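Open the model in a viewer and keep the selection panel at hand. The stops below are meant to be taken in order.

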Amino acid sequence: MSELKEKVAVVTGGNSGIGFSAAEQLVREGAKVVIFGRNAESLDKAATKLGSKAIAVQGDVANLADLDKLFATTRERFGHIDVLFVNAGIVEFAPIDQVDEAHFDRITDINLKGALFTVQKALPLLRDGASIIFNTSVVNQIGLPAASVYSATKAALRSLARTLATDLAPRKIRVNAVSPGLIRTPILSRTGLPEADQQAFGKQVSEQTPLARVGEPEEIASAVVFLAGQGSSYVNGAELAVDGGFAQV
Ligand SMILES: NC(=O)c1ccc[n+]([C@@H]2O[C@H](COP(=O)([O-])OP(=O)(O)OC[C@H]3O[C@@H](n4cnc5c(N)ncnc54)[C@H](OP(=O)(O)O)[C@@H]3O)[C@@H](O)[C@H]2O)c1
């Protein structure tokens, strides 16, 4: 319980799913945690569950002024950052002939622009030797029908982990990615995909996964804690797949 004692972690999208689970495990390991998301109600609930070592900041990663607010609050409360989990993201599906500009802009604004500027704006607060972790996805390695824009943003994050590991090398900041398979979170229900279709998708992925099931948010969170801490001190520019083997075999 002391792997990250007194470290300061920022988790975008820390009010739901994988981000919330990561925030919980980071707190359990002794970190102080700042969570960030748009929905004030779920942020409040999440912060209450996380307890006195966590604070919540409301805002949109696609809005650079909101990112300024996130890091101004973090500076005021904690002074610096040791761990940055760049996790906020959305998924929407559209076959290529139905991709329109609004679909493209919504996904890239949050998943790519939001992620890149989250890192850029955190830089003054990141301590030398800090750890940055992007949340990518197995879809940057496989073709998933109707997911061209989403998958391209995740491939871009995989690339950013490599590039930023070199940009930030002089400061010994490590930059890695965690690549989840299908994980049980609200992300699919937010797309409006009918429950039966979500179940069918889960069944199909499970059948193609050596471990024969979908994953749980806690299983991604423990990989995030590993990439955040000293146990991964020589891991840099890498992507850790946590997908039950789905995209590995
Ligand atoms: N679940 C999976 O199967 C899976 C697989 C691979 C990768 N991932 C990735 O995991 C990450 C987390 O997803 P999840 O599955 O945990 O889904 P989730 O429960 O829907 O969580 C998404 C989080 O991102 C936040 N978010 C979305 N847009 C935002 C914005 N514009 N500004 C600030 N926060 C925003 C949401 O909060 P608000 O709505 O309050 O803003 C929420 O906290 C995503 O990047 C996703 O692509 C998920």
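The tour goes from the sheet to a helix across it, then to single residues and salt bridges.

This is a predicted model, in which local features need pLDDT of at least 70 and side-chain atom pairs count only at pLDDT 80 or more, while totals for chains, interfaces and linings use all residues. Residues are numbered from 1 along each chain as its sequence is written, and side-chain values use heavy atoms, with hydrogens and water left out.

**The sheet**

Start by colouring the strands. Helices (H or I, at least four residues) and strands (E, at least two) are DSSP runs, numbered from the N terminus. The sheet is open and has 7 strands in the order β3-β2-β1-β4-β5-β6-β7, with parallel pairing; two strands pair if DSSP finds at least two bridges between them. Go to the edges, where β3 (54–58) and β7 (239–242) each have a single partner strand, so one side of each has no neighbour in the sheet. From one strand to the next, the twist averages 20°.

Next select β2 (residues 32–37). It runs parallel to β3, and 5 bridges join the two. To see one of these pairings, show Val 34, whose bridge partner in β3 is Ile 55. Strand β1 (residues 8–12) is also parallel to β2 and joined to it by 5 bridges; here Val 11 stands opposite Ile 35 in β2. Strand β2 is mostly covered, with 5 of its 6 residues buried. Buried means under 20% relative accessible area, exposed means over 50%, and partly exposed lies in between (1.4 Å probe, protein chains only).

**A helix across the sheet**

Axes here are lines fitted to C-alpha atoms, for helices over the stretch in contact, and angles run from 0 to 180 degrees between N-to-C directions.

**Val 61**

Select Val 61, in the loop between β3 and α3. Is Val 61 buried or exposed? Val 61 counts as buried because its relative accessibility is 6%. Show what surrounds it: leaving out residues up to four places away in sequence, Val 61 touches Thr 12, Phe 36, Leu 67, Ala 88, Ile 110, Gly 114 and Thr 118. Contact means heavy atoms within 4.5 Å. For a distance check, draw a line from Val 61 to Leu 160: the C-alpha atoms are 17 Å apart, and the residues are 99 apart in sequence.

**Asp 243**

Move to the segment after β7, where Asp 243 lies.

Look instead at its polar atoms. One of them, in the side chain of Asp 243, lies 2.8 Å from the backbone nitrogen of Gly 245. A polar contact of 2.8 Å also joins the side chains of Asp 243 and Gln 248. A polar contact is a pair of N or O atoms within 3.5 Å; within protein, one must be able to donate a hydrogen and the other to accept it, and residues adjacent in sequence count only if both atoms are side-chain atoms. Beyond its neighbours within four places in sequence, the contacts of Asp 243 include Val 138, Ser 179, Pro 180, Gly 181 and Thr 209.

**Salt bridges**

Searching the whole structure gives 10 salt bridges. Each is a side-chain nitrogen of Lys or Arg within 4 Å of a carboxyl oxygen of Asp or Glu.

- Lys 121 and Asp 68: the N to O distance is 3.0 Å. The pair links distant parts of the chain, with Lys 121 in helix α4 (residues 101–122) and Asp 68 in helix α3 (residues 64–78), 53 residues apart. Lys 121 is partly exposed at 21%, as is Asp 68 at 39%.
- Glu 216 and Arg 184: the closest N and O atoms are 2.9 Å apart. Glu 216 is in the loop between α6 (195–207) and α7 (217–228), and Arg 184 in the loop between β6 (174–180) and α6. Glu 216 is partly exposed at 26%, whereas Arg 184 is exposed at 52%.
- Lys 203 and Glu 207: the N to O distance is 3.1 Å. Both lie in helix α6, 4 residues apart, about one turn of the helix, and both are exposed.

**Positive phi**

Finish with two loop residues. Lys 172, in the loop between α5 and β6, has a positive phi of about 60° although it is not a glycine. Ala 212, in the loop between α6 and α7, likewise has a positive phi of about 60° and is not a glycine. Lys 172 is exposed at 63% relative accessible area, and Ala 212 is exposed at 53%.
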